Structure formats: C-alpha cells, structure tokens
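Here is my note for you on this structure. Have a look at the model first, then go through the points in order.

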Amino acid sequence: MLTISQIYLDQMIAHAIREYPLEACGLISGENDTVKGFYRTRNDAASARIYTVNPLDYLKADRDAEANSVSIIGVMHSHTHSEAYPSPTDVAQAPDPSWHYILVSLKHKDPILRSFTIVDGNIVEESVVRLNC
Amino acid sequence: MAIEVRLPTVLRAAASGQANVTVEGETIGEILKALADSYPGLGSQVLSSDGSLHRFVNVYLNDDDVRYLDKLDTKVIEGDVVSILPAVAGGSF
C-alpha cells in the first residue's frame, strides 16, 4: 500500500503531460510507505520508449530527502502509449526491491496512475491511498 | 584519510543497514576497494569482476560523477563525500 497526497499525484500527472511525447520520470521520498515528497528528474534517455533518471537529479533528491529525515522510496515514470503496468525493461532494471514503482499511462483520454512493487522479477500491484491534502 | 561514503537503500543491507560509512583511501578506487573489503556483499554490486565500476552504479565525488573525472583514479581530499547511487532506468517496451 502506498499513501500519497493528491498534490503529489497531480504533480506526477502534470509532469507526464508536460514531457509528452517523451517519457517523464521522477523520484518519491517518504517513510513507512507514505510519500513525503516528489522530485521531477530529467530523463537522460530523452526517449518516448525508455527513461534514465539523471544521476545528478537523483543525488540532489537523495540529499534533500535526507535533510528532511526521509529517504527515496520509489520512482515514477510515464508510459506514453502503453498501459500503466511495468514493462519487461522496467522489471529487468528495477534497482531496489523495497521501492514503489509508480506508472502514469497517457494511452487513454484520462491519465491512469498505478503503483507496484517489483521483487525478484515479480510484479505486485499495490493500492494507492490518496490523501486530500 | 577517512572519507564518508553515502549508500543507497538498496546497498545498505550489505553494510549492516548503515546509510553512511567511513573508509580509508586516497582515490575513489581505493575507497571502493576498502568498502568492498569491509563489506564483502557490497563489492560485487559496485565493482565488476575486472575491477572497473559496475555499469549500473553511479559514483559521485561531491557533485561530480567520477566517470567524468579520473574514474577510479580520481583523488579525494579531506572533507569530500562519496555517494553511490544505483542507475534508475526502464521504459515502455
């Protein structure tokens, strides 16, 4: 389960739309499965099909999270023309089994956001609890 | 000299759960070697079998990627902070 403020969900979807037709990516910080921050990051791949989080953006996000006594707990990225479900590339390159993997799909008229865990290649969808603050 | 190394969450289990460790070294290569000696589980995740930097790991000396400095030969000075970060990537295919 991932608990997240509607503000961060709105920021993620806005980021995905702004970067379209390229894939957008970002990092989330938090603790105990509750999101405390969202960091937009540059997609070094600058591609509509793949993403690579800019390492310096990651470093800055990591430092800011630590300054706020939380950690980076996951990554968000967009799929511009496919469903909000981890691709084989996402699974193969998932860096951390403790992370949350948020997907925003722009395939349909309205953006769709879902969250997953990826442990040893196994994809498990988790519920997203939205806080109205 | 003693240098602080910051570890990502995915590597902390191999370092007794620590987010920051301090190791001795004069270069990035020496520091990573010392890290691997102190925490054997970290070694294979940071360095390839040929001793080069693993391609799925980024190492920063303060704000600079060591791949754009002198790689493993990059010298460190007192007060430097080394950060190890996993490459975060994926895509829709």
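This is a predicted model: local features need pLDDT of at least 70, side-chain atom pairs count only at pLDDT 80 or more; totals for chains, interfaces and linings use all residues.

1. Residues are numbered from 1 along each chain as its sequence is written, while chains are lettered from A and ligands numbered from 1 in the order in which they are written.

2. The contact between the chains takes 24 residues from chain A and 15 residues from chain B (two residues are in contact if their C-beta atoms, placed from the backbone, lie within 7 Å). On the chain A side, two or more residues each come from strand E4 (50–52), helix H2 (55–67), strand E5 (71–79) and helix H3 (88–92). E5(A) gives the largest share, five residues. Helices (H or I, at least four residues) and strands (E, at least two) are DSSP runs, numbered from the N terminus.

3. Strands pair if DSSP finds at least two bridges between them. Here A:Tyr51 sits opposite B:Gly90.

4. Within chain B, strand E1 (residues 2–6) pairs with strand E2 (residues 20–24) in the antiparallel sense over five bridges, with B:Ile3 opposite B:Val23. E1(B) also runs parallel to strand E5 (residues 81–86) of chain B, over three bridges, and B:Glu4 has B:Val81 as its bridge partner there.
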